[in-house]
Amino acid sequence: MSLAFRPRPRTSASRALLACAVTGVLALAGCSSHAASQSTTASGITPAALDLLTRSGSYTSNEKALSLAESELIHSCMQALRFPYVVDTPAPPDLGVDLSQRGVQGYGLYAQYASSATHESTSSAATKAAKKTNDQYIRRLPEKQATAFMRALRGTTSDLRDIRMPGTTLTLSIRGCEPAARKRLYGSMVTYAQLRSVPQNLSATLDTRVQHDPGFSALMRKWSTCMTAAGYHYALPADAQDQLKAAYRKQGATAALRRREIAVATADGECALRLRIPTHVITIRKRLAATALTAQQQLAMNQLANEWLTAATTAKHEHVTAVQSSDAGGQGQG
């Protein structure tokens, strides 16, 4: 199978807007006039950009398609180089309240504070029986073979490049099957880095506004009342976790504290779902994004969302191609 990973072409306007997003996502100073002169001025933030910014709506399906296609492209590339690589089914993004998960591990604090030996002894049978991942496979290889595998997957240290963005720097390889897959899907490693950082950074700028929003405050009062009825007295969900963390630091990772964490986290989740807090918070974040972000920030997010949608479309096409190739290979063997 030929693996010609060709970057998707970009217009000059696209390059200008995304350069602005990278060099100044929070202010975009000096970028707006140049970028806007090469593209139609946005009349507001688009629904796709809001989905990307708040990880809602089409976000789950698009990210699942991108994750799966990336894994399939890496598999094909590694297979061509005679290295095994398992296509992992992507886990759903953690976007809401999973009561079944909370009923087993609470907020996940016990695992953080427990020693590695204690954590291993209390691991669930399901975790122990989980299928072997690519990382586990690499760890079992002799050093020379593991080095060759990683070189094929991600190149060498000389292939690493820093992609600097406001508030963060991502160090990514430009060679190997993994970067090749990402270039095929996103057009470039810069776009991949932007989509992994810029929406999160912009979303973080809304956090304080959300916390001071009257609608959010009303939600938290209802949540606190619901928790009081369940026997727990907290003003905010963060207070529950903060108190548990303090207890873990003082008492250590005891079985009793683990049971309390699970009970509190489960009650928290039940109240959140009953009051539809995740849905209401997303609505608040979207409203604030449409009013609090500057026109330049909205324009940058709109352009990133366009890149994201294009990447998701490419991913879905690549998945269909991978399935068809797999089916054809199976028929040939039969």
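Modeller: Gladly, and please keep in mind that this is a predicted model.

Colleague: What makes Phe-149 count as buried or exposed?

Modeller: Phe-149 has 0% relative accessibility, and buried means under 20%, so Phe-149 counts as buried.

Colleague: Why is the pair of Phe-83 and Phe-149 called edge-to-face?

Modeller: Their ring centres are 5.8 Å apart, which is within the 6.5 Å asked of a pair, and their planes stand at 85°, where over 60 degrees counts as edge-to-face; therefore the pair is edge-to-face. It joins distant parts of the chain, with Phe-83 in the loop between α4 and α5 and Phe-149 in helix α10, 66 residues apart. Together with Tyr-137, these two residues form one aromatic cluster.

Colleague: How do you know that Cys-77 and Cys-177 form a disulfide?

Modeller: Their sulfur atoms are 2.1 Å apart, and the cut-off is within 2.5 Å, so the two form a disulfide. Since Cys-77 lies in helix α4 and Cys-177 in helix α11, the pair ties together parts that are 100 residues apart in sequence.

Colleague: Why is the disulfide of Cys-226 and Cys-271 called left-handed?

Modeller: The torsion about its S-S bond is about -85°, so this disulfide is left-handed. As for its two ends, Cys-226 counts as buried at 13% relative accessibility, and Cys-271 is buried with a relative accessible area of 2%.

Notes:
Residues are numbered from 1 along each chain as its sequence is written. This is a predicted model: local features need pLDDT of at least 70, side-chain atom pairs count only at pLDDT 80 or more; totals for chains, interfaces and linings use all residues. Side-chain values use heavy atoms; hydrogens and water are left out. Rings of Phe, Tyr and Trp (its six-membered ring) pair if their centres lie within 6.5 Å; planes under 30 degrees apart count as stacked, over 60 as edge-to-face and the rest as tilted. Helices (H or I, at least four residues) and strands (E, at least two) are DSSP runs, numbered from the N terminus. Buried means under 20% relative accessible area, exposed over 50%, partly exposed in between (1.4 Å probe, protein chains only).
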